[in-house]
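Please look over the complex shown here before reading on. The briefing below is meant to be read beside it.

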Amino acid sequence: MIEPVTRAPQRRHAFPPNWWARIGWLVLAAYVAYALGRLDFSWDRFVTGLDNGARFIGRMLPPRIAQPDSLAKGLIESLEIAILASSMGILLSLPIGLFAARNLMPVWATWPARAIIAAARSFHPVIVAIIFVKAVGFGALAGICALVVASIGFIGKLFAEAIEEISLKQVEAVRATGASFMNVILFGVLPQVFGRFIGFATYQLDSNLRNSTMVGIVGAGGIGGTLFSAFQRFDYDFVAAILLSIIAMIMVGEVLATWVRGVFLEKGKVDEE
Amino acid sequence: MNPALAHVESRTWRRFTPRQRLARFSVYLTLVVAIVLSARTVEVIPEFLYDAPEQMRDLLERMWPISWSHYPKGVHDALVETLHIATLGTLFALVMALPVGLMAANNVVPNRLVNYLAKLVLVSSRSVNSLVWALLFVAVFGPGALAGTLAIAFRSVGFVGKLFGEALEESNRGTIEALEATGAPWSSRLAWGYWPQVKPAFWSIALFRWDINVRESAVLGLVGAGGIGMALDTALNLFQWDRVAMVLFSIFSVVVVAEIIVTQIRRKIL
Amino acid sequence: MSTALSVRGLVKEYVRGKKVLDGITIDFAASGLTAVIGPSGTGKSTLLRCVNRLVEPTAGEIHFGGRDIAPLGGRALREARREIGMVFQEYNLVERLSVMENLLSGRLGYTPAFKAWLRRFPQEDIDRAFALLDQVGLASFANQRADALSGGQRQRVGIARAVMQRPKLLLADEPTSSLDPKTSVEIMGIMRDLGREHGIPVIVNMHDVELAKRFADRILGMSGGRIVYDGPPDGLTDDVLKTIYGGESWLH
């Protein structure tokens, strides 16, 4: 079963060196050194900063709700922006995502749809918010529009990818029964992508909630505005209170998202009686 | 009728159990109530809405032609700085996220308290938007790229740490068990058992986050944290829309290039 | 003949009141291959895993290397474990590492973590690893990734890894259950021969009775958490097998 050792020991490499990996690490180290130099990092600045930081944290604690009305109003407005933007965004991304699926749609549909999605994704929601502030004025409407665009970019892309990954055999089977186009979509396509769709819809709701707290910094409504003005007034303890309430709101949002996922992603049981 | 079926009473088929239907209904109801309430209380000034197409057209007219000449002086350096912020920030985040992600994985560190604390750190990092982190760091370290880099780093730790921890929890237990049985210490089990398994996931997460960070770094300048955002801020404040268009275009190009780079690396290495 | 392992009153309850191991008391000599047979769920695997503490015993003593290792923890436990090699049913190799790295992972209990990370093992270990690779017939596979190998080849790496530990005892938990009959015979042969050559007693847990009879010097039959047969392979009459496994239909 086992071979007796007859060969004289040869020089063999136990661990052949991986040159690509080594080069990679060297390049990385060189880059970090270079970039740090370019960005004008100096040790002094850093240390001064740490000192500042300690004082800063001192001023932030204990958190104080300096203007409860303003805080509440801002939070509620952010919540509203997130809800409305998510619902409209989801509604709009469904058809756009569907049209962007290359396995189901012809080229004259997929090209424009994919272009819209790519454009929507390329810009940070804050930049889009700035544009909408110019177009529709300050306030929540700009924020809602900006986040709708962001949602279309995110959900549209993932939805299209999910559709492109489905098994076409199932679609074929439904088509073979003579079903109409809508029915083919409803029974052949949607059941396969529904699970993933719920996943990224809830993710986008969470993401919009986060973003809605900060588009206010450029005037698009929500708690971001309150936060920014508190910063400018050096009201750091109020800033701390606002941040904590934002975190709390987002955590509640995550809990809700988990609830929704739990309800819809249960393996549907068929009940007979 | 087929005699075999004659005695069968008609049975009802329901897709969901009553309990499931109730749950689904509650979700729908909550959503609808939330939407209706929001729509009614949100402050939207109708005049602005009607005015919008006119305003958009005005904006687009002012943005065209794009001020190409603005690029070398006003834009290029800032753009490069933005890339540095994104890359350095991502690298720092990776370094910070490794230990925290480890501590959050219940198979690597089986201590529930440590897991919970680590997850808390990760959630807090994610909940604070990078712009807000930037505001904080500008207040502490002064305006400039240092604040921006730290903002990106601190924001990304939560993202990378969470996904990294999940990848660790999904690794093959049998392999680790075998190393345990040889008497290997915890650190060797980590280096030889867990790391080879999560390496591909780790680099994938890193690339993904870098891509997102390129977008995020572009706006940090709006609050003074360095990068192209500052050029954007300047142009906006001066209402130089053609320059604004130039900045937007360069941001767009950089984002597209970053995506291409990431897709190529993905294909080659992963 | 000296005793390598001595188990006294070993009890294991996964669920309170349900004893999977019901007071096992048995000695294992310092040489030879012992096969543990019995129906599924009767505690064969639990017995082996209690020895190297992958499963925590509920009660009892495990005397190995001159002391009771049942209550050990931390560093002392690791030192005991590195003297016990284990071969697994699913091979449990580090898939993305090379065969050579998998072999040397058997020395992780003896190598400081920092050196192990840098792959700085003593030359003696490396030479031994190459020699073992030759012995199990995988000479040209040293730098191949473990997941590029077939099942039988992977198990050979698993056995070599365990032998690299220079163990005083080799445990094998259903090492052939995932392999085809021909490969199973090869693997059992390798374990028996390596055990003889390096002076390591082998305890193998298996469900193939014929294979056990062919390779074992001693057979332990377990049923209901107890040892109901302890003797040479030719003592395994049909009656004995019925006691162990219950029922007759599988015998013919």
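This is a predicted model: local features need pLDDT of at least 70, side-chain atom pairs count only at pLDDT 80 or more; totals for chains, interfaces and linings use all residues.

Residues are numbered from 1 along each chain as its sequence is written, while chains are lettered from A and ligands numbered from 1 in the order in which they are written.

**Confidence**
- The predictor assigns the complex an ipTM of 0.88 and a pTM of 0.82.

**Chain A**
- Chain A holds 10 helices and one strand; helices (H or I, at least four residues) and strands (E, at least two) are DSSP runs, numbered from the N terminus.
- Along the sequence the pattern is α-α-α-α-α-α-α-α-α-α-β.
- Chain A is more spread out than a compact globule, because its radius of gyration is 27 Å, well over the 19 Å that the globule rule gives for 273 residues. The radius is taken over C-alpha atoms, and the rule is 2.2 Å times the number of residues to the power 0.38.
- Its C-alpha atoms fill a box of roughly 75 × 75 × 45 Å along the principal axes.
- Of the 273 residues in chain A, 40% are buried. A residue is buried if 20 or more other C-beta atoms, placed from the backbone, lie within 10 Å of its own.

**Chains A and B**
- In chain B, 55 residues are in contact with 46 residues of chain A; contact requires C-beta atoms, placed from the backbone, within 7 Å.
- Helix α1 (residues 18–41) of chain B gives the most to the side that touches chain A, with nine residues.
- That side of chain B has 35 nonpolar, 12 polar and eight charged residues. Nonpolar covers Ala, Val, Leu, Ile, Met, Phe, Trp, Tyr, Cys and Pro, charged covers Asp, Glu, Lys and Arg, and the others, Gly among them, are polar.

**Sheet of chain C**
- Chain C has an open sheet of four strands in the order β2-β1-β4-β5, with antiparallel pairing; two strands pair if DSSP finds at least two bridges between them.
- The edge strands, each pairing on one side only, are β2 (18–29) and β5 (67–68) of chain C.
- Strand β1 (residues 3–15) of chain C is joined to β2(C) by nine bridges, and Leu10(C) stands opposite Ile24(C) in β2(C).

Methods
Two residues are in contact if their C-beta atoms, placed from the backbone, lie within 7 Å. A residue is buried if 20 or more other C-beta atoms lie within 10 Å of its own, exposed if 12 or fewer, and partly exposed in between; C-beta atoms are placed from the backbone.
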